[in-house]
Amino acid sequence: MSNESLANLMTETRKFAPPAEVAADANVTAAAYEAAAEDRLAFWAEQARRLSWETAPAQTLDWSNPPFAKWFADGRLNVAYNCVDRHVEAGHGDRVAIHFEGEPGDSRAITYAELRREVSRAAHALTELGVATGDRVAIYMPMLPETVIAMLACARIGAPHSVVFGAFSADALAARIEDADARVVITSDGGYRRGAPSALKPAVDEALTRPGAANVRNVLVVRRTGQDVPWTEGRDVWWHELTERQPEEHTPEAFDAEHPLFILYTSGTTGRPKGILHTSGGYLTQVSYTHHAVFDLKPETDVFWCTADVGWVTGHSYIVYGPLSNGATQVLYEGTPNTPHNGRWWEIVQKYGVTILYTAPTAIRTCMKWGDDVPAAFNLESLRILGSVGEPINPEAWIWYRKHIGGDRTPVVDTWWQTETGGIMISPLPGVTAAKPGAAQVPLPGIAATVVDDNGAEVANGSGGYLALTEPWPSMLRTIWGDDQRYIDTYWSRFPGVYFAGDGAKKDTEGDIWLLGRVDDVMLVSGHNISTTEVESALVSHPRIAEAAVVGATDPQTTQAICAFVILRGGAAEEEGLVEELRAHVAKELGPIAKPKRILPVDELPKTRSGKIMRRLLRDVAENRELGDVTTLTDSTVMELIQSKLPTAS
Ligand code: 6R9
């Protein structure tokens, strides 16, 4: 961004008070903010007591060597014990931990007692393969119960896992195996995707031909689809054969709170992927607390469903560690939202009586595009809280989510956080906050976040700038794996002593925080910094627009010109005058400065597997450049489609 802070163009004044019944019975009330404000460290020490420690920590935060934090450093615990065994010991062994729904419609309910047996066997199996405490294990899997079991088995024996998205290429997998120096890879023959078995194992075989992956001794293969798999004798081992003969009891060993729990590579738009390192005690404390607070989880009665892939941080924190540490019952779904029909998700909500749903704006906008009648055909009355994560949620998408999925009664919590933050940082609380559509609003109790200007000074209400985290938090990344200097440079150097999140944000006149997209995506138009998010939200507020992606393209007159790629609702063809009408609509919503110079209707937008729009690629298109790296795209044919629609160069 230049020296002028982000313009504050959008005004959204709708507000939704918490429903009385949620407020009356909320896990967390306004008192938590007061307690945390009074003594932040005492507040987190209190939250750490949610967990079972073998040695309870006497220390809370050690910040003597910033930005390298230690939380609860003298405490010892086993993360898997906290997520599994202690619930069985507390008498909840018969409670379903995971309702697995396969894409072809097969299902499996796994209780906490079963989960304990499976995790114990898998822990023994890894030990038999020679995996020792501290060894890294790569997990390259579809969404299966074994994926969760594998992660917990690693945690149980203190072997940090590195989960790699099942859709990543052999090259991406090899780079991650090499960077973490993984010794074992856990994978499956394949998984079901869009109605057909899709192979995974061949990508592992290919990755392991790369020199950097030479230290991998074994590949543990879960059988899911039964398809033929290439086999390397001596190296490859069937998961079921190895685990079946292991004892079903396993004594968990306690590790230091700062023992590494996992490495997760951020999608990293440029350069080498960053291995974000998370450790045990602080991480588990924050994901457990935030899951309890933000989703108001009542483990006896709620059915939680986070639709994220486990290969994304949301899956780590809000499928595996948060919900399971809280003894939740949850749904795990293997497939895509539209297989075999556009209502599959709502069918699953109805089938399991899902009460809390956590998904991404991209999915919500896609459902809007498919039409209101799709969810209307299912009974969604069980839902009581809806969550959003991954991108700013446009106010219209927020309203649609609440109305068409939440029956106009459920609170919607827009949760801002990152792979690096480990857990939710900024979010309304469903029983406390009067929610504003499109805003994450308030730092959670115990979290210090604000918006700063170019000089690192806090901006006044009503102004925009950069999101900054001003105090360490328990689930913060500890470093970038193997590269402390890059950790300092990337996050702690823009504003000394403060964590720079890389997101643009503004404070509204009441001091609530609105996220405005990645700083790299901010546009500079005639001397004004304009957020792509605000222009996209204005476009999405037009009844004909389902989705929009906005980029700044180099322009001789205005530095950058706003270029919008839009998906029309119902896929309808573009009629005459529509583009002009849309431009006028944006001008009316945000002011003439934000009026897009070009608007291009397209059928799809390029997205990462975690659902984030890749504006970088659209910028390449808008500037008639050769496309940059497309390897993290869900579907690389999308770009060809978009390019084919373009009138060449303008
Ligand atoms: C959890 C996750 C992090 C980036 C983050 C921001 C964007 C996530 C958001 C949001 C606005 C929200 N982001 N949640 N922006 N409102 N509620 O997504 O982690 O994949 O590391 O991405 O996602 O730009 O900086 P990760």
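Biologist: In which loop is P340 found?
Modeller: In this predicted model, the peptide bond from T339 to P340 is cis, with omega near 0 degrees. Most peptide bonds are trans. As for its place, P340 is found in the loop between strand 17 (329–333) and helix 12 (344–352).

Biologist: Which residue does a cis peptide bond join to P66?
Modeller: The bond in question has an omega of about 5 degrees.

Biologist: What is the phi of D296?
Modeller: D296 lies in the loop between helix 10 (281–294) and strand 16 (303–306). Most residues other than glycine have a negative phi. D296 is not glycine, yet its phi is positive, near 55 degrees.

Biologist: What average pLDDT does the protein chain have?
Modeller: Where pLDDT is low, the predicted coordinates should not be read in detail. In the protein chain, 97% of the residues score at least 70. For the complex, the predictor gives an ipTM of 1.00 and a pTM of 0.96. The protein chain averages a pLDDT of 94.

Biologist: How far apart are the centres of domain 1 and domain 2?
Modeller: The domain assignment places 20–435 and 448–505 in domain 1, and 526–645 in domain 2. The centres are taken over C-alpha atoms. Their separation is 31 Å.

Biologist: What area is buried between domain 1 and domain 2?
Modeller: The size of an interface is often given as the accessible area lost when the parts come together. Carbon and sulfur atoms give 54% of the area buried between domain 1 and domain 2. The total is about 1900 Å².

Biologist: Which residue forms a salt bridge with E391?
Modeller: Between domain 1 and domain 2 the count is two salt bridges. A salt bridge requires the nitrogen and the carboxyl oxygen to be within 4 Å. The closest N and O atoms of the pair that includes E391 are 3.8 Å apart. The partner of E391 is R615.

Biologist: Which helix gives the largest share of the side of domain 1 that touches domain 2?
Modeller: Across this interface, five residue pairs are in polar contact. Helix 13 (361–370) and helix 15 (395–405) each supply at least two residues of the side of domain 1 that touches domain 2. By class, that side has seven nonpolar, seven polar and seven charged residues. The largest share, five residues, comes from helix 13.

Terms used: Residues are numbered from 1 along each chain as its sequence is written. This is a predicted model: local features need pLDDT of at least 70, side-chain atom pairs count only at pLDDT 80 or more; totals for chains, interfaces and linings use all residues. Side-chain values use heavy atoms; hydrogens and water are left out. Domain bounds come from an automatic or database domain assignment. Buried area is the accessible area (1.4 Å probe) that two parts lose on being put together, summed over both. A salt bridge is a side-chain nitrogen of Lys or Arg within 4 Å of a carboxyl oxygen of Asp or Glu. A polar contact is a pair of N or O atoms within 3.5 Å; within protein, one must be able to donate a hydrogen and the other to accept it, and residues adjacent in sequence count only if both atoms are side-chain atoms. Helices (H or I, at least four residues) and strands (E, at least two) are DSSP runs, numbered from the N terminus. Ala, Val, Leu, Ile, Met, Phe, Trp, Tyr, Cys and Pro count as nonpolar, Asp, Glu, Lys and Arg as charged, and the others, Gly among them, as polar. pLDDT is the predictor's confidence in each residue, from 0 to 100.
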